[in-house]
Amino acid sequence: PAPVKAQTVDTGLRTVDSVEAVGVFGVDVFRRSTTQFLPLLSGPVPPDYRLGPGDMLALILTGDVELTYQLAVTREGFVVIPQVGQVYLANLTLAQARSTLYDRLGRVYSGVRRGENATTQFDLSVANVRAAQVYVVGEVTQPGAYQISALGTVLTALYTAGGVTERANPRAVDVRRGGKTVATFDLYDYLLKGDTREDIRIENGDVVFVGVRARWVTVTGSVQLFFFNDTATTET
């Protein structure tokens, strides 16, 4: 009779030759086709959004006069309003820009006044958001320079560059501006706790740097791991 082959018993264990064989938590998030970290381009801009060169603004006056203007913020940070002249709005929020326009518009249109006795009202909004160039370097899939919406954040930049690599340190993604680190984003705080406090908005010329992880431990088998910062507890 033919010899009977011995059956292999599945112990739940496997041999791991490298971290890449198991996969690093969080890496595949950026590679799922259904995941989009792109900023919303419709609707009003956030109240803390600061105007800059390349933004297109819409100025609407109603009441004693009915006028609509499309105003581009120039490279020097000005908008040019017919009959009013140049108004510097760069690096101002919309609330600050509206306050500035109260004074400038009031010199030409007498009905523009603060308070209930105004006979001319105006509204200022962002019609089109400018693009910002950001440099994404280090342990990302496709390092390079990218143009993204000025509403984009660190996550937007990482997604545009294809996400982090298996060798990356996802706990410390640095945002460098003018040669200084202005924020350090912990990707795991976002994935595990939904914490986006350090997912700051990108500005033109920012560098998003992802470094190499310092150490890595792989645990396999019938265990559950719970990580708290640099410590770990296990349950069997």
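**View 1. Alanine 58 has glutamine 70 in strand β2 as its bridge partner.** In this predicted model, strand β1, which covers residues 56-63, pairs with β2 in the antiparallel sense. Six bridges hold this pairing between β1 and β2. In general, the strands of a sheet pair through backbone hydrogen bonds, in either a parallel or an antiparallel manner.

**View 2. An open sheet is formed by three strands in the order β2-β1-β5.** The pairing within this sheet is antiparallel. Strands β2 (67-72) and β5 (120-128) are the edge strands, and each of them pairs on one side only. On average, neighbouring strands of the sheet are turned by 20° against each other, direction ignored.

**View 3. Helix α2 packs on the three-stranded sheet.** The helix comprises residues 94-106 and touches β1 and β5. The direction of helix α2 makes about 140° with that of β5.

**View 4. Five strands form an open sheet in the order β7-β6-β10-β8-β9.** The pairing in this sheet is mixed. Strands β7 (144-149) and β9 (180-185) stand at the edges; each has a single partner strand, so one side of each is left without a neighbour in the sheet. From one strand to the next, the twist averages 30°.

**View 5. Strands β6 and β10 run parallel.** Strand β6 consists of residues 131-138 and strand β10 of residues 207-212, and four bridges join them. Which residue of β10 is the bridge partner of valine 136? The partner is valine 208.

Technical notes
Residues numbered from 1 in each chain as written. Predicted model: local features only at pLDDT ≥ 70, side-chain atom pairs only at ≥ 80, totals over all residues. Heavy atoms only, no water. Pairing = 2+ DSSP bridges. Helix = DSSP H or I, 4+ residues; strand = E, 2+ residues; numbered from the N terminus. Axes fitted to C-alpha atoms, helices over the stretch in contact; angles between N-to-C directions. Contact = heavy atoms within 4.5 Å.
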